[in-house]
There are 2 protein chains.
Amino acid sequence: MNSLTEENYLKTLFILSNETGEVNVIDLSKRLNIKMPTVTSMMKKLADKKLVYYESYKPLRLTEKGKKEAGIIIRKHRLTEMFLVKVMGFGWEEVHEIAEQLEHTRSPSFFEKMDEMLGYPKLDPHGSPIPDKNGKVEWKKYSKLSDCKTGDTLKLAAVIDSSEEFLKFLNSRELKLGLKVKVKSIEPFDGTMVISYGKKQSETLSHTVTERLLGELMDI
Amino acid sequence: MNSLTEENYLKTLFILSNETGEVNVIDLSKRLNIKMPTVTSMMKKLADKKLVYYESYKPLRLTEKGKKEAGIIIRKHRLTEMFLVKVMGFGWEEVHEIAEQLEHTRSPSFFEKMDEMLGYPKLDPHGSPIPDKNGKVEWKKYSKLSDCKTGDTLKLAAVIDSSEEFLKFLNSRELKLGLKVKVKSIEPFDGTMVISYGKKQSETLSHTVTERLLGELMDI
DNA sequence: TAATTTTGTTAGATGAATCTAATTTTGTAG
DNA sequence: CTACAAAATTAGATTCATCTAACAAAATTA
């Protein structure tokens, strides 16, 4: 059995690997807000447990066992988020913090019950895929809004950042998953975009925002 | 903010105080499965935080602040149990262990939402009172079945033990809260009782069982 | 390629929560 | 009232997860 702390390292390493291919000590260190020496020693510990491959000065990689355990934690996190939104009526901006705590609950039946009540959902409220019971996930290949060109239309499908601040910002602009947004113009200097969607004819979004929005490019 | 460990000491001290008046180091030690020296040092720590009164060789007592914080943890535990039973459909024998973990969740809105969904319940599935938001509880003065005399009728209102094993035993005999049970005979040697209730004309219960069942004595 | 910066590791310390062994205090039974 | 037993405390060790400081390796820049 892994400690709560170990679970957080596994989960973060898993997510970081999927975000950016190679993960270094410093990346984990920054994401977890933990100093590098601490990360190094935890990696050695997880290597002893056959959860990560660790070689000095090499990128960090989860073993298959590590991926499975990380996937299961992420499954619990995302099921919880979905439960909080669909069953308990929370807003999508409120659930990340709570799920961060509940994901460590040791009770398979608790999460099975959630899954059942939710009708075995495939995505969480932020559009991220929910791993299956073996921790396996299919990551969809979405486009970032920030990579779109003028004239492109993107159907929003997921956010990269589930923080309360970011989601409150999206709420304030009535930006939701499922919306089709059209790129009206892009400022070459800093990437600021003007987009239209729903009733909004022109809404300006910074690069910081557009690079956190994912979706499917529409043909039209 | 108290650690999860500190919360467990506070909660257990609170419950033990209500069960048995005076609580000694050894009682807490046994209940928590933690050796006495560890308990002593934690009591000193909690005394520094003004959560317990601690004097060497004296019984342990919570301060008002300690009672409030313990009460709030117990509130979260019992609301969670009720939620698991009423909203998620768990059996009353399954919820204690899960609630033991969820009670440490730091999210007032999570528990407020539960409370609201449940319609502000006053009792948990085991008949124990749910403390209010300030941690205050009214403990009802129930009678133990083991204290009843032949001919008495007791309306079951609560169990003293929420363990899965005990509750599964009750399930197997179809013993539920709300039932009226009548004492048909008591074995003077070991206190074994024969009772009748519902369709059961004579069910034999050991003292171990009868002292864990509480209820209101009926007039008739 | 040499110098500098960035990244990573080693060594050693700290605080929390636990333990065991030894000692002391309190309570109880002759 | 002494002796023994039970309960509690003190002292010191251990494990986990963290840190800082110092050093080493790798990557980058000049």
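The model is predicted, with local features requiring pLDDT of at least 70 and side-chain atom pairs pLDDT 80 or more, while totals for chains, interfaces and linings use all residues. Residues are numbered from 1 along each chain as its sequence is written, chains are lettered from A in the order in which they are written, and side-chain values use heavy atoms, without hydrogens and water.

Chain B places 18 residues in contact (heavy atoms within 4.5 Å) with 18 residues of chain A. The area buried between the two chains is about 1,500 Å², and carbon and sulfur atoms give 71% of this area; buried area is the accessible area (1.4 Å probe) that two parts lose on being put together, summed over both. On the side of chain B that touches chain A, two or more residues each come from α4 (64-86), α5 (95-102) and α6 (108-117) of chain B. Helices and strands are DSSP runs, numbered from the N terminus (helices H or I, at least four residues; strands E, at least two). The largest share of this side, five residues, belongs to α6(B).

Over all chains, the count is 35 salt bridges. In one of them, the side chains of A:Asp124 and A:Arg78 meet at 3.8 Å, N to O. These two residues are 46 residues apart, with A:Asp124 in the loop between α6 (108-117) and β3 (143-144) of chain A and A:Arg78 in helix α4 of chain A.

The second largest pocket is lined by 38 residues, and A:Ile15, A:Glu19, A:Arg31, A:Ile160 and A:Asp161 lie nearest its centre. A pocket is an open set of points on a 1 Å grid over the protein atoms alone, where a 1.4 Å probe fits, with protein on both sides within 12 Å along at least five of seven lines; lining residues have an atom within 4 Å of a point. Helix α1(A) gives the largest share of the lining, six residues.

Terms used. Salt bridge = Lys/Arg side-chain N within 4 Å of Asp/Glu carboxyl O.
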